[in-house]
Amino acid sequence: MGSQAQVASWCRDPGPVFGEVTPEVIEDTLIHLATENEQYLSKLSDRAGCFKETQVVEFIFLLSEKWHLDQSARYQAVELLERFMIKQVEHICKSSRENVKGREQGQGSSWSSLKDQIYDTFVLRLVSCIQLASKLSLHYNIVNSDTALKFLQSLKYSYTKQELLESELAVLKTLHFQINMSTPLAYMELLLEVLGHNGCLLPAKPLHQMCMQLLDFSYLTRDTIYDTLLKIAIENSTPSKLQVAKFLTVKEDFMLLAVGIISTSVFILNPGHWKQVVEHLNCITGITSQSILEFSYAVLKHIIGSTIPKQHYRNCGTKAPENRIMPLK
């Protein structure tokens, strides 16, 4: 019998296979993802994105690579941690308000102790989110308790296996066991499938590989990309606090991110087909061609410098699109 490493190499994901799904399944899935995205944006917390800082994302990506997890697990872990931590912060805020009332009555724990609890357990929660994400892909590597504990001990943490299990359960309970959420990767791969179905005859494997690299890049440079996009949208280098707040739905729009990543990848690999792909993406999602062009410009600016004529971006604005569920051709 071969070693675990050999088995892992045999079972390693060769990448998605495109062109094998029926149009009916594609359309149903597209409608489902679009609806899920709109529902998420409609209930968006004003703290969304606070836990997607570059250092946090990089930590998750590197740890996922160390543990040989599949590509979707890293994005799943980022989104799980983000949503869990937002719930935790909301709990702290609620507790602090109750504590103010409690102190007036001579009771209640301190605000600082609640904050310390989050700081002290952040790395543990991060590892738990990666563990949970790994378990959503059962045919890949799963991060077991021994592996997680060994890593935490290497960082001089002294958690027990029981505490690790309790941490996973805390994440699950906080998120009401709703952890199998769609990530931008799912949107991106579905849109690539739709493009192929609609007649965009682009080489699927290199395009997918480029999209994966740009998706990683967009997660790691999230703030700088969206800061550029906001300035393009408002045609001003100093956005107001209100403009930044309103732009949050754009930053958290998975459909827009997926469309922008595909558009940018096509521009890099095959610029001759770029206009056609942008038109197709506009037809499929309802996101305006101008918004797609703006996103590509923002990404390319931070990769290789501006290569798209700036006049394309004059007198335009980027906003979260509406009514984007479009039938397949």
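Entry 1, ground rules. I am working with a predicted model, where local features need pLDDT of at least 70, side-chain atom pairs count only at pLDDT 80 or more, and totals for chains, interfaces and linings use all residues. I number residues from 1 along each chain as its sequence is written, and side-chain values use heavy atoms, with hydrogens and water left out.

I looked up helix α9 (residues 204-220) against helix α13 (residues 254-269) and found an angle of about 125°, with the axes 9 Å apart. Helices here are DSSP runs (H or I, at least four residues), numbered from the N terminus. Axes are lines fitted to C-alpha atoms over the stretch in contact, and angles run from 0 to 180 degrees between N-to-C directions. α9 and α13 are therefore oblique to each other; angles under 35 degrees count as roughly parallel, over 145 as roughly antiparallel, 65 to 115 as roughly perpendicular and the rest as oblique. For the contact (heavy atoms within 4.5 Å), I noted M210 and L214 among the residues of α9, and I261 and L257 among those of α13. The residues of this contact divide into 13 nonpolar, three polar and no charged. In this count Ala, Val, Leu, Ile, Met, Phe, Trp, Tyr, Cys and Pro are nonpolar, Asp, Glu, Lys and Arg are charged, and the others, Gly among them, are polar.

The axes of helix α6 (residues 145-154) and helix α7 (residues 161-174) come within 10 Å and cross at roughly 105°. That makes α6 roughly perpendicular to α7. I saw S145, D146, A148, L149 and L152 of α6 meeting K161, L164 and L165 of α7.

How many cavities of 30 Å³ or more does a search of the whole structure find? I got one. A cavity is a set of points on a 1 Å grid over the protein atoms alone where a 1.4 Å probe fits but cannot get out, and lining residues have an atom within 4 Å of a point. The largest cavity holds about 100 Å³ of space. Its lining includes S218, Y219, R222, Y226, F254 and L257. α9, α10 (222-234) and α13 each supply at least two lining residues. I counted the lining as five nonpolar, one polar and five charged.

Methods: On a 1 Å grid over the protein atoms alone, a cavity is a set of points where a 1.4 Å probe fits but cannot get out, and a pocket is an open set with protein on both sides within 12 Å along at least five of seven lines; lining residues have an atom within 4 Å of a point. Grid points are joined across faces, edges and corners, and a volume is the space filled by probe spheres set on the points.
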